[in-house]
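The tour goes stop by stop.

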Amino acid sequence: MKELFRSSFVIARRDFAAIIFSKAFFFFLLGPLFPLAIGLGAGSLGEQMARDIDQPNIAVLLASDEAIALMAANERLSAQIGAGRLPTFTVIDQQGDSAAQVASLLGSDGKKSSDTKYIAVLSGSFGKPVLTGAAQDVMRWQGEIGLLISTAQTAVDSAPVQVQTQIIADSEGAKEKSQLLTAQAGQVVLFLLTMLLAGMVLSNLVEEKTNKIIEILAAAVPIDAIFLGKLFAMLGMAFIGIAVWITVGAAAIELFGPGLPSLPVPEIGWPLFLVLAFLYFAMAYLLLGSLFLGIGAMATTVREVQTLSMPVTMAQLLVFGLAAYAVTKLGEPIELFTAFFPFSSPFAMLARAAQMDNIWQHLLALGWQIMWAFIIVRISAGIFKRNVMKSGGQKRGFFKRMFSRPAKVG
Amino acid sequence: MSLNAIEARGLVKYFDDFCAVDGIDLTVPKGSIFGILGPNGAGKTTMLRMLLGIIDPDEGTRKLLGSERPLSVARQVGYLPEERGLYQSMKAYDAIAFMGALRGLPLKTGRIQGRQLLEENGLGAAADKEVRMLSKGMAQTVQLLGTIVHDPKLIVLDEPFSGLDALNQGKLEKLIRKQAEQGVTVIFSTHVIAHAERLCEEIAIIAGGKVPFHGKVSTARDRLRPQVRLETRNNEGPWRAALPADCEREGSFWHFTLPETGVEPLLKALIDGEAGIESLSIERPGLHDAFVAIAGEAAAKEMTSNGDMPQREAA
């Protein structure tokens, strides 16, 4: 065992140094910036659009005293319930025929003018208000406008009733619901990181095979050590990447977004939850990585690896989908299955950490997952040794290499 | 304590239905230079891979430096595979150190020794160059140095001379001899008989996955009788009775196997029978002839002559 880890360390050290000191690693670190930039861009665009849609402009075509009272009521009500919940009002001077002016303001008279920016027009009087506009806009705002007119008709100095509040730590129902959010967020982050990093090991043995180094390695150290070394090198690289991203992300939040919403406290507490998240990431990575390394090792060319990456990503999605589905079914058979099934176990257990405060189950789960990671490495190494590390045999396809048994003497 | 570096009994390896190695027995004495001769596809590489534990035999047993688990003695073994390979982005001295580290040599020591070995072999200037910047011959030398950097007790070289020019082949032969002088067992496969003839004390000939001969080079040669090349002035005469029935004539020359009675009775019969001897030479068979006789003409034809096929030695 000592020799196995020593050999793994030699392989891991070489791979780790080769990755970290390559130019490509810099681009790897920049990787999350791209989806982040796209997300921020799309988010701000969406926010602008939402603002435009949710805060429409309504023209007020009322007698001047009523218009003033309405605007004052708008101000008071906005202070009470929030400005974003009411439309913007623009007071328009009444001119001649009211019906024609309404049609002109809405552009329904067939003439295009710069004034046709209103989604509706409030005309008539407080006693008999008329809201003209498209069906969906009228129905959307009719209640708020009724409330505004009522407020405008009450005395200006009447202050809103003050509601006394009683704050408790958290209701059990709300707590469970909010911790579910933490569980789901934890799973999503774990999945994204695993998908981003574990898939990379698919192509990890291609260099050795194309450079013919694999035979030198296989003659000197056990195949298991080669597999383990490669996994640990990539895990080390993943940790460096995550550390850099967390540091940059924390600095960015400190600088630009201190008011970001925070997640509810997990049942097990933040410090332990973060430690477990770290461990479960390592486990998810080792479990999926060892499987992918084994599958990728069967591939002889970069093209075969590329072909494999799609089904592998789909398989990851399937595992995540299973864990995500089970997260709301704590203690039910499907959730227990995801906790036991090696590939979904880290996801399910992280969700459990957010919702349950037992520590022992995590110790058991980590042991279980480590055991499976080693089993998968051993099986993958065995298949690799049997089906790839042999010379002189017939050239066979990927699936035959994967599943064939060596011929025996008859 | 075994006196043999390698002991293999009844090794069999199938690839699907193809039998690559068919019941090979092999014994390599410690401290010897041992050659494995055979044409391409004879099973040399498969046998070496089995001996080193890279692949497992379907049948048979093997012992490497006394251990049935070859990887357990990997620190004492150096291996240069037929398909050369190095990490392209590594520096030459680091590549040597890495190969040493795989076999238990501390990286720091490996780096120092790597530089030293490169210096000793005239590649000191290339020590800090990345492997991708080296010529094929230089890269091959780097890999060879990586094979010996950890001072192994057994060195296994699979087709070490292929791809090397004559100058580097000479250097490699020198290096192999030097290792053997230090008590290291060197086993190498080749399809160029001349290298084996110059270097080896013992050989194994492999053909069709079997070992038809295993022993000393001289024993292989002694399997064949010396050949006589006779030139006479007279074409006919009583001296003709001294020639064996299967002798061949080529102009004024006669070729035949030296009779078991030896050269003296033959010479007497030729002189007494008035052959008019112009020249007579007795040629001891070379390893190539022995190989042809043992492995067959077809196998011999597959062997690369490489322009340096050994000539028969004149007696």
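Predicted model: local features only at pLDDT ≥ 70, side-chain atom pairs only at ≥ 80, totals over all residues.

Residues are numbered from 1 along each chain as its sequence is written, and chains are lettered from A and ligands numbered from 1 in the order in which they are written.

**Stop 1**

Select A:135-153, which is helix α6. Its 19 residues reach 26 Å from first C-alpha to last, close to the 27 Å expected. The expected span is 1.5 Å times one less than the number of residues. Now centre on A:Q142: α6(A) has a kink of about 40° there. The bend is the angle between axes fitted to the seven residues ending at a position and the seven starting there.

Show the side chains of A:W141, A:I145, A:L148 and A:A152, the buried residues of α6(A). Buried means 20 or more other C-beta atoms within 10 Å of a residue's own; exposed means 12 or fewer; partly exposed lies in between.

Zoom out to chain A. Its secondary structure comes to 16 helices and four strands. Of its 410 residues, 32% are buried. Among contacts with a separation of 6 or more, 76% join residues 24 or more positions apart.

**Stop 1: the six-stranded sheet of chain B**

Colour chain B by strand. Six strands form an open sheet, ordered β5-β6-β7-β3-β8-β9, with mixed pairing. Two strands pair if DSSP finds at least two bridges between them. At the edges are β5 (77-80) and β9 (210-216), each pairing on one side only. Neighbouring strands are turned by 15° against each other on average, direction ignored. Such angles run from 0 to 180 degrees between N-to-C directions, along lines fitted to C-alpha atoms, for helices over the stretch in contact.

Pick B:154-158 and B:185-190. These are β6 and β7, parallel over five bridges. B:V156 stands opposite B:I187 in β7(B).

**Stop 2: the three-stranded sheet of chain B**

Three strands form an open antiparallel sheet in the order β2-β1-β4 (chain B). β2 (18-29) and β4 (59-64) each have a single partner strand, so one side of each is left without a neighbour in the sheet. The twist averages 15° from one strand to the next.

Select β1 (4-15) of chain B: β1 and β4(B) pair over five bridges. B:R9 has B:T61 in β4(B) as its bridge partner. Helix α1(B) is here too, lying across β1, β2 and β4 of chain B at about 120° to β1(B).

**Stop 3: a hairpin and positive phi**

Go to B:248-250 and B:253-257. β11 and β12 of chain B pair in the antiparallel sense over three bridges. B:R249 is partnered with B:W254. Two residues lie between the strands of this hairpin, and B:G251 takes a positive phi near 65°.

Most residues other than glycine have a negative phi. B:L65 is not a glycine, yet its phi is about 50° and positive. B:L65 lies in the loop between β4 and β5 of chain B. Is B:L65 buried or exposed? B:L65 is buried, with 20 other C-beta atoms within 10 Å.

**Stop 4: the nonpolar cores**

A nonpolar core is a set of buried Ala, Val, Leu, Ile, Met, Phe, Trp, Tyr and Cys residues joined through C-beta atoms within 7 Å. The largest has 155 residues; A:Y285, B:A95 and B:I96 touch the most other members. Helix α11 (270-298) of chain A gives the most to this core, with 18 residues. Apart from it lies another core of 21 residues, among them A:A69, A:L86, A:V102 and A:L148.

How values were computed: Contact = placed C-beta atoms within 7 Å.
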